[in-house]
Amino acid sequence: MGEARSLPPGQREREDFPRFGLTQFADRVPDVPESWRLEIHGDVDGSGTLDPAALAGVPRTRQVSDFHCVTTWSYCRLRWRGWSFRELYEGVIAPRFEPHRDVRLVVFEGLDGYCVSLPLRDALGPDVLLADELDDAALSVEHGAPLRLVAPRHYGYKSAKHLRAIGLWTDARGYRRPTPWLMDHPRARVDHEERGNLLPGWIFRYWYRPSIDRAVRQSRDGLRKAGKGPRA
Ligand SMILES: Nc1nc2c(c(=O)[nH]1)N[C@H]1C(S)=C(S)[C@@H](COP(=O)(O)O)O[C@H]1N2
Ligand SMILES: [Mo]
């Protein structure tokens, strides 16, 4: 056994990093394009898309971070590579797309139809990345190719995979939540155990834990049925 690690409240370390998600997304494995393209829309004056060439002036960055799913499993020391969302926002998105001054919500939209929001102040946090590499390899489809969000201080459901668009909004009208309101905390901070709304966070532990094995199986079967993995 390795040295004892302190995990956030209610979390348990897993030995593997499974493909994971809501059951309704298990079978929606997107066809991964050769290269990514991100539509930027919402309460912005500019319009259009970003691609890797548009990020040429933004330095690439590496980050080692732990990943905490709201269902209570954690996987430690993932090695991501990509771009800091803050640097991308300040260096490219803000000057090019001119978000309205009172934009406060960022909506991340996936090729599989998944959609999740973070307050802009959280998305601009120091360790939020758009990642295209994991553990020194191109991001695989199971973990969100071609490009995904990595927001380690927030539960995993905020780290949208397979990004296709980012919405910048002054309010929540551009947001269709992926789950019932009860399960979608606006911030979902791991160290505050913000697992959901209304009830204290720890109550959700006992509700989520029994669902993990089944969700892992369904996610794995979804990949198989799509003929896309998992990697050996
Ligand atoms: N596009 C998309 N992003 C998603 C999901 C999803 O189903 N689709 N599931 C979320 C959930 S609940 C978790 S825990 C993580 C899982 O990331 P992984 O599959 O790389 O382990 O992705 C999050 N981002
Ligand atoms: Mo999750």
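Contact is taken here to mean heavy atoms within 4.5 Å. In the predicted model, serine 219 meets this criterion with Arg19, Phe20, Gly21 and Ala26, residues up to four places away in sequence not being counted. Serine 219 belongs to helix H4. With a relative accessible area of 1%, the residue serine 219 is buried, because burial requires a value under 20%.

The largest pocket of the predicted model has a volume of about 760 Å³. Its lining comprises 38 residues, and those nearest the centre of the pocket are Phe20, Gly21, Leu22, Thr23 and Cys69. Two or more lining residues are contributed by each of two elements, helix H3 (201–208) and helix H4 (212–225). Helix H4 supplies four residues, the largest share of the lining. In terms of residue class, 20 of the lining residues are nonpolar, twelve are polar and six are charged.

The C-alpha atom of glycine 125 lies 8.1 Å from that of phenylalanine 85, although the two residues are 40 residues apart along the chain.

Conventions
Residues numbered from 1 in each chain as written. Chains lettered and ligands numbered in written order. Predicted model: local features only at pLDDT ≥ 70, side-chain atom pairs only at ≥ 80, totals over all residues. Heavy atoms only, no water. 1 Å grid on protein atoms, 1.4 Å probe; cavity = no way out; pocket = protein on both sides within 12 Å on 5 of 7 lines; lining within 4 Å. Points joined across faces, edges and corners; volume = space filled by probe spheres on them. Nonpolar A, V, L, I, M, F, W, Y, C, P; charged D, E, K, R; others polar. Buried < 20%, exposed > 50% of the residue type's maximum accessible area, 1.4 Å probe, protein only.
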